[in-house]
Amino acid sequence: MSDPILSIRGLKKSFGALTATDDVSLDLFPGEIHALIGPNGAGKSTLIKQIVGEIRPNAGTISFEGQVIDRLDAAARARLGLARSFQVSSVIPDFTVLQNVMLAVAGADGHVFRFHLPALMDKTLTEPALFHISHAGLAGREGTPASVLSHGERRKLEIAMALALRPRAFLLDEPMAGMGLEGAKQLTTILSDLRAEAPILLVEHDMDAVFALADRISVLVYGRIIATGTVAEIRANPQVRQSYLGEEA
Amino acid sequence: MTMSRDLIVNLVIFALLVAVAVGAEIAGQGFTVTLATKAAILGLAGVGLNLALGYGGLVSFGHAAFFGIGGYVTGIFASHAANGDPITTLPFTLMGSNEMLGIWPMAMLAAAVAALLIGALSLRTTGVYFIMVTLAFAQMIYYFAISWPRYGGEDGLSFYVRNKFPGLNTLVPIQYFAICAGLLGLALLFTAVVTQSRFGLALQATRQNEQRSTAVGIRATPVRLTAFVLSAMITALAGALYADLNRFVSPSMFSWHMSGEIMVFVILGGVGRLCGPVAGAAVFILLEHLLGPVSDHWQALLGLMLLAIVLFAPGGLIGLVLKALRRADHV
Amino acid sequence: MLLAEQVLNGLQYGMMLFLMAAGLTLVFGVMGLINLAHGSLYMVGAFACAAVAAWTGSFWLGLAASLAAAAGAGALVEMLVIRRLYPRDHLDQVLATFALILVFSEGTRWLFGSFPMYLTLPPALSGAVTLPGGLQYPFFRLVIIAVGAAVALGLWVLITRTRLGIRIRAGEADREMIGALGVDIARLYTIVFALGAALAGLAGALVGSIQSVQVGMGEPVLILAFVVIVIGGIGSIKGALIGALLVGMTDTLGKAVIPPIFARFMEVSAANTTGSAVASMLIYILMAVVLLVRPQGLFGARG
């Protein structure tokens, strides 16, 4: 097995008496979709925030492509290629689809302090942006303001922006949330193809999507990983069935 | 289609201001030329604030600090030029000056330094804190200006001759208007270029959704600080022009009331619209000129008008105009 | 002893700032609203006291009037204007309340003119007391300190021991939830706003009694209250108290102590001017230090 792209060791986070993350370790290997599942309140969002750099853990370490990134802030981690999407779509509402993705291209580029050239005439921004927009399935919607996009289109926009970061890993936070049946199927295909770009750490509630997409699954309960394995292994795991799947199966 | 309509409205506003001044000059109405000059200067102050506020989302209630700095730099240089004393002899001898082209860079530099300090501290906060902190720092400078007697303290500082500009007689109202309008035009051009650039994209993104900006690798604070400093420099230039207009500076240029007024210009015209502050300043001066003689308490009416705009017409006057034009489209 | 006198002055100044800051921080904590017109309510209290005291000859009636007028004006403004601002962003709140300042200021100027009014204290409150150690100190200033302490205690009791206090604390924690729980939000907000206004009005009347009453007296105090809140942390009454005392002491002691210290290094008149200029900046420097070290304020919530 090659080295993991993303490696989390012994992560701990408490808020006063509440332990939100309890000694979490997990790896994301190249080429895989690693799903993270768990009941509500398990601490998934706290874990995500620590990975992307919004919260500082109390203990533990995170490595990205072999480099320890604990001291880096969220923007720096994004520039390294850690691309995230949000549970509730987070886009720039008054910008068009094109401007949104151009922003991501500019951010990934690292050169934001350019004052003289109108952004829309800057080919180093527009060309990559247009490419990622069509790659994410939004061709034809470039000039649409993000605020009027449909829910599914907004999800695709987030994927386009993630692609613009020249990602080395994706961290997707419940991308299926709020998607209807047809949209979910489309998105599942897109995500499966995304795996070729970079490995995905997929936090999800939608078990259909998880079983269809995941190469491996980790189960998070009360802030701690109780099991990691293939889909078959996790489905058969009695502890998992009891504390999580058991409630659904 | 809407884009070019915005551009037309902006050009019309600027052109109107120039037309009023030129028309007044031809008609021999010197006072109106001075009013137009005042509108250009206060509009320039608003253009500066608009960059930070309208485009950057930074609610700075202390921009009078920079307006005053620009004014006082001008006043200090001019008065030292008049009496021949050096301004300071450490670390090097700095003499006064009465050349506008020499004073303006100094004014903008002083404001940039102040904005760097104030901005770096204030941007450690957000939301309400930011508003309060910027207001507080401006107030600090206000009190300092009052208690520093060397430049007049509370009474302010007069200088008798307007500073010089090569090739022009700055004391002739229409010529001074030309200088002010010219600088206003440059500032508008600058704002247009900057806000359409890559930096402008990042700035407006951080205003609308900081979390998303961070997620694509853009740190908000350096972007905001840059916008804050640039905006301070423009407002300081306006302060310098204002000082030369009145040949007088006083601590009131630093007051919270002045900060509020500059904000009113921006809001009246429409936040985040290029020429909004110019329209807003023009309306303000018109009101002052028309209502002032009617009642000493005209600012109460201004207050009611402002209240109405905030509550019922948040796009400002330009927003109203554009809406009316759009409705005319559908008729 | 000069120092003891300045310490008491600082305490008195701090208590007055606390009255202002408490109302501001309460309104922000519960309703999420920044109110620039708070200074106008301070002014309304001062004018009401001065006017009623002049008409009736009774300072006590004036004081009662200041509370009633400020609370009444606050409630009125809340119902007519402020209420529409809760869902709006801070910029709109700033502009609308700035507009209110203009209306209040010009309105007051129209009613009372631009010249300052003065209040005479009743014999019961005037004069000086001899404190242990031999210092003669104005009785009324001690009263202000006592009033401030009483208000702090009263607020503490209100917030921790009464039903209103529970609603206030719940409202600070989760605005939508208390509506769902059946609390009449509109009335709660009006009461909180009026309470803040009353405190401001009281401060105005008290200070007006030792200085003067004039249009525009409220805004400098408002800005100082902002400094207090930034230092103490927004939404925290304890922060408002500690912050206010810190600011009051720093300012008063600074102005008393710095010019003489400077006089050791430079000649007296330069020391006085430079010294007082520097002293006037001291509290803002204090605020800057807090911003560097703990931007959310001493008792503010982190993040």
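This is a predicted model: local features need pLDDT of at least 70, side-chain atom pairs count only at pLDDT 80 or more; totals for chains, interfaces and linings use all residues.

Residues are numbered from 1 along each chain as its sequence is written, while chains are lettered from A and ligands numbered from 1 in the order in which they are written. The model scores ipTM 0.90 and pTM 0.92. Chain C has a mean pLDDT of 88, with 97% of its residues at 70 or more. Chain A averages 90, and 97% of its residues score at least 70. (pLDDT is the predictor's confidence in each residue, from 0 to 100.)

Back to chains B and C. Of the 2 pairs of chains in contact, they share the most contacts. Contact means heavy atoms within 4.5 Å. Here 42 residues of chain B meet 44 residues of chain C. (A salt bridge is a side-chain nitrogen of Lys or Arg within 4 Å of a carboxyl oxygen of Asp or Glu.) It does find 6 residue pairs in polar contact, both residues at pLDDT 80 or more. α5 (127–147), α10 (256–269) and α12 (298–312) of chain B each supply at least two residues to the side that touches chain C. α5(B) gives the most, with 14 residues. That side divides into 30 nonpolar, 9 polar and 3 charged residues.

Some terms need their rules. A polar contact is a pair of N or O atoms within 3.5 Å; within protein, one must be able to donate a hydrogen and the other to accept it, and residues adjacent in sequence count only if both atoms are side-chain atoms. Helices (H or I, at least four residues) and strands (E, at least two) are DSSP runs, numbered from the N terminus. Ala, Val, Leu, Ile, Met, Phe, Trp, Tyr, Cys and Pro count as nonpolar, Asp, Glu, Lys and Arg as charged, and the others, Gly among them, as polar.

Ser259(B) is found in helix α10 of chain B. Ser259(B) is buried, with a relative accessible area of 2%. (Buried means under 20% relative accessible area, exposed over 50%, partly exposed in between, with a 1.4 Å probe and protein chains only.) Its side chain reaches the backbone nitrogen of Ala64(B) at 3.1 Å. Leaving out residues up to four places away in sequence, Ser259(B) touches Phe61(B), Gly62(B), His63(B) and Ala64(B).

Now the other partner. Chain B and chain A bury about 2600 Å², and carbon and sulfur atoms give 62% of it. Arg198(B), Leu201(B) and Arg212(B) supply 33% of the area that chain B buries against chain A, more than any other three residues. The contact takes 26 residues from chain B and 38 residues from chain A. There are 4 salt bridges between these chains. The count of residue pairs in polar contact is 15. α6 (173–196), α7 (198–208), α8 (210–215) and α9 (220–246) of chain B each give two or more residues to the side that touches chain A. α7(B) gives the most, with 8 residues. The side holds 12 nonpolar, 10 polar and 4 charged residues.

Arg198(B) lies in helix α7 of chain B and Asp122(A) in the loop between α3 and α4 (123–135) of chain A, so the pair joins two chains. Arg198(B) counts as buried at 2% relative accessibility, and Asp122(A) counts as buried at 9%.

Chain A and chain C do not touch; their nearest C-alpha atoms are 10 Å apart.

Key
Side-chain values use heavy atoms; hydrogens and water are left out. Buried area is the accessible area (1.4 Å probe) that two parts lose on being put together, summed over both.
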